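Please read the points below with the model open.

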Amino acid sequence: MSDSSSAGKENLRIREMTIDDLSEVFHIGEEVFTAESFQSLYRTWDEYEITTLFNSDNELCLVAEAGDKILGFALGTTVTKHNSPWKYGYLVWVGVRRDIQQGGVGSGLFKEIKHRMKEQGVRMMIIDTSADNLPAVHFFQKQGFGDIQEHVYMSLNLSRKSRKKPAKKS
Ligand SMILES: CC(C)(COP(=O)(O)OP(=O)(O)OC[C@H]1O[C@@H](n2cnc3c(N)ncnc32)[C@H](O)[C@@H]1OP(=O)(O)O)[C@@H](O)C(=O)NCCC(=O)NCCS
């Protein structure tokens, strides 16, 4: 049994992320946000994601730990829209170490971040993930999310030389 899988759920503690946690959280993210499940260029897991959210929304940057080992994390922010009285809570990243997934850690993190967002006046939570990331889709559905909306992302390669159209023959 590995260290993290032997960390009992009863010892699970959800707390705010501190600066000392940044590198561990970053490496867990590298493990779980794989190229297969996160192919979008628009969402890239890198150190700026953590530090930006940590600087702007520290109360919504949480880790789950057992003993001195971090098992997972949830990073969120709040968004207000022009012309809307509603405050939105955006759960930007949630990740749990591979070897202890489906053990309730993600649900524990979600419960706490939802509670904190509610305290901050959030009326609606939003998330996004790849349509083919079925574990995440099921996870979010289990947390009560619905109303799935699909987006289309397109790209245009500007380094490719455009071919000139042949002149029309008269
Ligand atoms: C999504 C993720 C955070 C869930 O964390 P977790 O600790 O495994 O989730 P939980 O154990 O709390 O699961 C709660 C519910 O989610 C659903 N679920 C979780 N993992 C699932 C899977 N692999 N397949 C199907 N359903 C799943 C189940 O309904 C589960 O309830 P159950 O245990 O009663 O069946 C985790 O799988 C993960 O880190 N995935 C990779 C990163 C990712 O895709 N993040 C989301 C987008 S940012």
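1. Two strands count as paired if DSSP finds at least two bridges between them. Helices (H or I, at least four residues) and strands (E, at least two) are DSSP runs, numbered from the N terminus. In β5, M124 is the bridge partner of Y88. β4 and β5 run parallel and are joined by three bridges.

2. The model is predicted: local features need pLDDT of at least 70, side-chain atom pairs count only at pLDDT 80 or more, and totals for chains, interfaces and linings use all residues. Residues are numbered from 1 along each chain as its sequence is written.

3. The five strands form an open sheet with mixed pairing, in the order β1-β2-β3-β4-β5. At its edges lie β1 (13-16) and β5 (124-126), each of which pairs on one side only. From one strand to the next, the twist averages 30°.

4. Helix α1 (residues 22-32) packs on this sheet and touches β2 (61-66), β3 (69-80) and β4; contact requires C-beta atoms, placed from the backbone, within 7 Å. The direction of α1 makes about 90° with that of β3, whereas α3 runs at about 30° to β3 and lies across β1, β2, β3, β4 and β5. Axes are lines fitted to C-alpha atoms, for helices over the stretch in contact, and angles run from 0 to 180 degrees between N-to-C directions.

5. Which elements supply the shell around the ligand? At least two residues each come from β4 (87-96), α3 (105-119) and α4 (134-142), and α4 gives the most, with five.

Notes:
Two residues are in contact if their C-beta atoms, placed from the backbone, lie within 7 Å.
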